[in-house]
Amino acid sequence: MAYLLQQLVVDSAHRYPDKPAIRARGRSLTYAELEMRSSQLARLLRERGIERGDRVGLFFPKAVESVVAMLGVLKAGAVYVPLDPHAPARRVSAIAEDCGVRALVTTAERLRTLPPQRLACTVLVSGEPLGTGEVPWSALESFPAAPPPESAIESDLAYILYTSGSTGQPKGVMLTHRNALTFVDWCAATFRISADDRLSNHAPLHFDLSVFDVYNALGAGATVSLIHEEITVFPQRLAAMIEEHGITVWYSVPSALVYLLLHADLAARDLDRLRLVLFAGEVFPMKYLRQLADLLPRAELYNLYGPTETNVCTYHRVDRWRLAGQDRLPIGRACANTEVFAVDDDGGRVGPGATGELIVRGPSVTPGYWGDPVKSRQALLEDPHLGERRYRTGDLVTQDENGEYLFLGRRDSQVKSRGYRVELGDIEAALYAHPAVVEAAVIAVPDDDIGSRLRAFVAVRAGERPTTAALQSHCAGLVPRYMVPERIEVRAELPKTSTGKTDRTRLAADARRAEAA
Amino acid sequence: MLRMDSDARTVIREFVVERLAPTTGRTEIGEDDDLIDSGIIDSLGIFQLVAFLEERFGVVIGDEEITPENFASIVAVERLVASRSR
């Protein structure tokens, strides 16, 4: 049994050496090539001084090399940190600095957008190296095809995923091999992923949905098609790709499926091979889910739930017979070897029908946030008897009469937009960083198509009048694009409650009115 | 209906520069600059742009015309609008 993620590939590479493991941008890589290249990369990283536990940033658009890099870093005993290739350079740099990245796998083009980094080495997937610190991809060929000896154990870190933080600093969620394998093994058993399957990878690699696509495919000897960022913009192309690649297993945020439903004319496609459609990350609007179920009569549909800190911890199989009468889809029951329960404000467990915060126990729970013991202690409750850590999700839930959990909302100001987890405070911090802004409030307006739309209200210094475009541009230098508010209204001052706080209820009503107009 | 001359390109450029590009932090965009790899047109932006083109130029753009080729650059978008106006 594999206790390290990279071990999942070994057996598949023996059984299916010549079968494509990965497809991306019109290229593919066989299992034998993937095994060899990732071992060579591990050797190269070791030779350049990367040691067990070191962090290695992956900063390039999706390509077959993405998976080589993930496995290569793991085989070196190191920890990979997928960096959003579309995030502003300042944010990418801040993340690299936060976790002390010692090496980067990137392209020459992306590397030149970043301020100079202090690194042991930089491996370039494409482009011309400058200086001896930069190694071209072709250099891998001169390294041995056998991986360095294994030294890691299952409780070592495998990767760190950065997510929006409420004060403008992204948080690095640490995940161990055991955390990831708990999820991957559960999926393999529950969804019976086989070598005949063809998985898609729609989510960005810095998003934990990708863990399913990549490792479940590799573990089963299946093929995974990485859907590159540009194709996700064009629904017809995306649908054509699902058909042409013969995708059998799809996993994405509901927004991506709604996008296909609205714009890709799915009825005209032959999607009969699609046997399994999984979605997670946000609430699936029922009207669209019913449409999807009708369009894919043969596919099994599952609603998966779980924050990055635990990966998927509950699941619900969509029951077509119940769908017509359901007004919301349950997040379901706990996955194997996982316990979930709801607690009230005093930490006492609440029974069915009552509302509480969802708590998660089990081997998939993160050990904490990188370099932030304070936030880790707030989010992870330590059990005094067992010494284990339980994750407080911040999600409010209730248990229905069937024993399934229903998601009701958040305890804090975290929202989902296009499936991305967004802290409103993160965006407000970006707005406050603008010299003219004296007050800022970001409001999430609920939206059926993308979860929520981000609207901002700012008050500016007297005599200043920044345009919406200027404020958006400013934000775009600090936060990823999906966090830049679509509308920013400049006012003389923001409304206040009787206690002097920003009146968010009133602003939310204003935003909704503006939306309807 | 607006005539297809250099005005159309200016109108398209204005929309791209003022409405789409700010969320990526870009302030200047050349007529042949890539709009997709750069992220200027993303999954929200593309349908804002389509809605704008349909209203502004009185054309209908079908889902099958929403392709990377037709939205690769400002010039490509102008060509698409011109082809739909005949």
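Visitor: In chain B, what share of contacts between residues at least 6 apart in sequence join residues at least 24 apart?
Guide: The share is 58%. A contact here means C-beta atoms, placed from the backbone, within 7 Å.

Visitor: What am I looking at, and how is it numbered?
Guide: This is a predicted model: local features need pLDDT of at least 70, side-chain atom pairs count only at pLDDT 80 or more, and totals for chains, interfaces and linings use all residues. Residues count from 1 along each chain as its sequence is written, chains are lettered from A and ligands numbered from 1 in the order written.

Visitor: How many helices and strands in chain B?
Guide: Three helices and zero strands. Those are DSSP runs, numbered from the N terminus: H or I of at least four residues for helices, E of at least two for strands. The order along the sequence is α-α-α.

Visitor: And how much of chain B is buried?
Guide: Of its 86 residues, 34%. Buried means 20 or more other C-beta atoms within 10 Å of the residue's own, with C-beta atoms placed from the backbone.

Visitor: Switching topic. Which residues touch the most other members of the largest nonpolar core?
Guide: Leu45(A), Val56(A), Tyr80(A) and Ile160(A), in a core of 151 residues. A nonpolar core is a set of buried Ala, Val, Leu, Ile, Met, Phe, Trp, Tyr and Cys residues joined through C-beta atoms within 7 Å.

Visitor: What does Tyr80(A) touch?
Guide: Leaving out residues up to four places away in sequence, its contacts include Val56(A), Leu58(A) and Tyr159(A).

Key
Buried ≥ 20, exposed ≤ 12 C-beta atoms within 10 Å, placed from the backbone. Contact = placed C-beta atoms within 7 Å.
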